[in-house]
Amino acid sequence: MLTRRCAACLSAILCMVLVAGCGGAEPVAVQGEEPPVPTAAVQVESTTTTTTAAVQVEPTSTTAAVQVEPTSTTAAVQVEPTPTTTSASATTTVIQTEPTTTTVVVPAAEPAEEDHGPWMVNTSGRVAAVIHDDAPIRVNVQSVEVVEIDGQRYQRVVATGMPDYVHVVTGSDEAFLLGRPRPGNDFTSGGPSVVAGDVLQFGSDLGYRSTGCSRTEGTGYGFWPPGPACPTRQARTLDLPLEPVEAATPVATGLGSIGLWVNGTAIFGWGDGQSWQGQRVWSNLAPAAEAYDMDLCPGHSAMGNYHHHSHPVCLADQLGDAGTAHSTIYGFAMDGVAIAGPWVADGVLARSSWKVRDYEDPGSSTGCGSPGERTCLLVDQLDAANGTVPTDAIGPRTDAVVQSQSGNSFVARAGWFMEDWFFDGSLDNGSPEALDEHNGHLGPLPGIAEPTYHYHTTRRTGPDGVLVDAFPYVVGPTYNGEVSATGMAPGGGPGEGGPGDGGPTDLAAVAEALGVTFDALRQALGPPPPDIDAAAAALGVDPEDLRRLMGSPGRP
Ligand SMILES: [Zn+2]
Ligand SMILES: [Zn+2]
């Protein structure tokens, strides 16, 4: 956990922080709610060979000026005469600094000795500040190389799945924490232990009553609300097609990992494997149904596998994506297609072409005749002109209160379920912000000369001007490109790369059959191989049912 003093330093330099100085981090740019600043990481230059440095900025030095340009430049940062910072990280070195101005090199991205593309490759041996197991865990991506398999070229990415986030608690974060409906359940002391402006490192305690890693040193706790497991080291090797091929028949993104963010953490799709009353119709949207089950980034883990279902705010901070130009690459989907952040130009958001059905107007072609009723399904969600068909699997009314698996209540307004959405082809009109049914488009991408097909994380301006996530969030419901079998290997499930990690669709079916969430099931199963009896006990189900549903032992 960073100090308040560093919180002050953050605001002092307009959120371009010397994160290295605050927590033994390699240079990371953090952006808060202040005016946009160009992307850059700040690195202290020194005459020694040290690459990471701890510099504590005087809390009252609010005049420190940082000049940032897209390319390498210098910045003046006023530092405290006597360095007193200490850090838990073994890689951190405290540098004696004169009480005068220090020259700081500001690279636009990771150190550029080697070209890793957009990947956040850990070249400094940097380890997670809070979480470790029997050894420190190196954060971000460990290596990226090009491999050729059966004549196809892939990016082979090796990662621990451990992010390196430093998050400044915003005013809306604070409001969200204070506004949680079940504070007595969610916090160990009835409320959060942080306020706006506090700086959190990934896994540090903000007061949540975390499940599974409660008060255990090294696991990270208090960063996650009750329910999700705590993140653990992943042994991830993933091959992503280097030259994406458009699919003849697009396949659904499905559950489980659908790609990798550039920091090596998993991308999950829209779903959480849960549906209204287990009918496999009226499927939950994870960012909505699990809104109270995510950390502030927002993310959480399943079986220790940390992932984001929607726009990763903390990663955006690290990448310095302030919405002043087309977003940079945030990750790659399993079809090898790049995923950009939410912006297509200065202040212009990419626009999802998915719209919510109108259940209220009795004459609406997407509703079911009677206002508020979910008694019909669209024949084709990709073409609403085909009309609706009645369903026996009736969903809750749009004014009904439904309860999430974590026990939080929501009004099931239109848009709550995946079946509430349809692709409106008229929105996919070729304008720069328009996206197709996969949430992608052909267009310019920073760092790439040719117009390139890519996805966007999608957000929209909600009430009070706050940005909120917009379905389908990242990719989907289908991939644009071919997802190769190689891309899904080694190790089983798409993107997981861990041994024994079986098909996530099967797991979803098991979860539904048991009446538990996908994430709860994965969490209960733990790292492979699964302990069926322990998992059954954790889930409150019959071990024999679980064993039967899981099939052969060792294959979750
Ligand atoms: Zn774009
Ligand atoms: Zn999830």
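The secondary structure of the chain amounts to 11 helices and 30 strands, where helices (H or I, at least four residues) and strands (E, at least two) are DSSP runs numbered from the N terminus. The model is a predicted one, in which local features need pLDDT of at least 70, side-chain atom pairs count only at pLDDT 80 or more, and totals for chains, interfaces and linings use all residues. Residues are numbered from 1 along each chain as its sequence is written, and chains are lettered from A and ligands numbered from 1 in the order in which they are written.

The pLDDT, which is the predictor's confidence in each residue from 0 to 100, averages 78 over the chain. A score of at least 70 is reached by 73% of the residues. Over residues 1-112 the pLDDT stays under 50. For this stretch the model has 232 contacts beyond four places in sequence, a contact being a pair of residues whose C-beta atoms, placed from the backbone, lie within 7 Å. The pLDDT is also below 50 over residues 552-556, and the model gives that stretch 12 contacts beyond near neighbours in sequence.

Of the 556 residues in the chain, 52% count as buried. A residue is buried if 20 or more other C-beta atoms lie within 10 Å of its own, exposed if 12 or fewer, and partly exposed in between, with C-beta atoms placed from the backbone. Among contacts between residues at least 6 apart in sequence, 61% join residues at least 24 apart.

An open sheet of three strands has the order 6-7-10, and its pairing is antiparallel; two strands pair if DSSP finds at least two bridges between them. Strand 6 (141-149) and strand 10 (236-241) are the edge strands, each pairing on one side only. From one strand to the next, the twist averages 25°, with axes taken as lines fitted to C-alpha atoms, for helices over the stretch in contact, and angles running from 0 to 180 degrees between N-to-C directions.

Strand 6 pairs with strand 7 (residues 152-159) in the antiparallel sense over eight bridges. Ile149 has Gln152 of strand 7 as its bridge partner, and Val147 has Tyr154 in strand 7. The hairpin of strand 6 and strand 7 has two residues between the strands, and in this hairpin Asp150 takes a positive phi near 50°. Strand 7 also pairs with strand 10, in the antiparallel sense over six bridges. Here Val158 stands opposite Thr237 in strand 10.

Notes:
Two residues are in contact if their C-beta atoms, placed from the backbone, lie within 7 Å.
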